[in-house]
Amino acid sequence: VPDPHASAKVAESIERRWAFLAVLLIASTIAVVIFTGLRWSAMPPSRVETISPETLNVSGEFVESNLGSAVEPDGSVTVRIVAQQYSFTPQCLLVPAGVPITFRATSADVVHGFLVTNTNINSMVEPGYIATFRTTFAQPGDHLMPCHEYCGTGHQGMWAHVKVID
Ligand code: CUA
């Protein structure tokens, strides 16, 4: 006499297998979320330093009097820039040729970007983070520094100059 529950047993074992696969899928999805969350701490240097966009102009590194180019004790130059709708402060950056330059930029409002024409300098500028970029300009010249991240109706008019002097 055939077992009247045979087909039910087969169905049950198949269902159990699929339930296991579903749990495996959910567990691996959660594992990916946790892994990428922990990996946040290993993001590029431009994303590690944080800063409060609300108090930028009141205190700290990015107060207006501290913006622009500054010579460090080791002879290198640090350039500090604040991006806001729809301009960079300062509008013109003066840097020497043949000297290591560190750009440090942050945003006072929304996501902006900056690139320096004819160089590989290219970074996003996000509120809450300090974007850093190191470079050395080989020769004097004038470069445009447009915002390359759509930031609102005035985006296309948002740019600065970089003047590399001897
Ligand atoms: Cu700032 Cu586009």
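Predicted model: local features only at pLDDT ≥ 70, side-chain atom pairs only at ≥ 80, totals over all residues.
Residues are numbered from 1 along each chain as its sequence is written.

**Overall build**
- Along the sequence, the pattern reads α-β-β-β-β-β-β-β-β-β-β.

**Domains**
- Domain 1 covers 6-42 and domain 2 covers 53-165, with bounds that come from an automatic or database domain assignment.
- Between the C-alpha centres of domain 1 and domain 2 there are 47 Å.

**Shape and packing**
- The radius of gyration (taken over C-alpha atoms) is 26 Å, whereas a compact globule of 166 residues would have a value near 15 Å. That globule rule is 2.2 Å times the number of residues to the power 0.38.
- Along the principal axes, the C-alpha atoms fill a box of roughly 100 × 35 × 30 Å.
- Of the 166 residues, 21% are buried, meaning that 20 or more other C-beta atoms, placed from the backbone, lie within 10 Å of the residue's own.

**A hairpin to look for**
- Strands β1 (residues 68-71) and β2 (residues 77-84) run antiparallel and are joined by four bridges; two strands pair if DSSP finds at least two bridges between them.
- Ser69 has Val79 in β2 as its bridge partner.
- Five residues lie between β1 and β2 in this hairpin, and Gly75 in the turn has a positive phi of about 95°.

Technical notes. Helix = DSSP H or I, 4+ residues; strand = E, 2+ residues; numbered from the N terminus. Buried ≥ 20, exposed ≤ 12 C-beta atoms within 10 Å, placed from the backbone.
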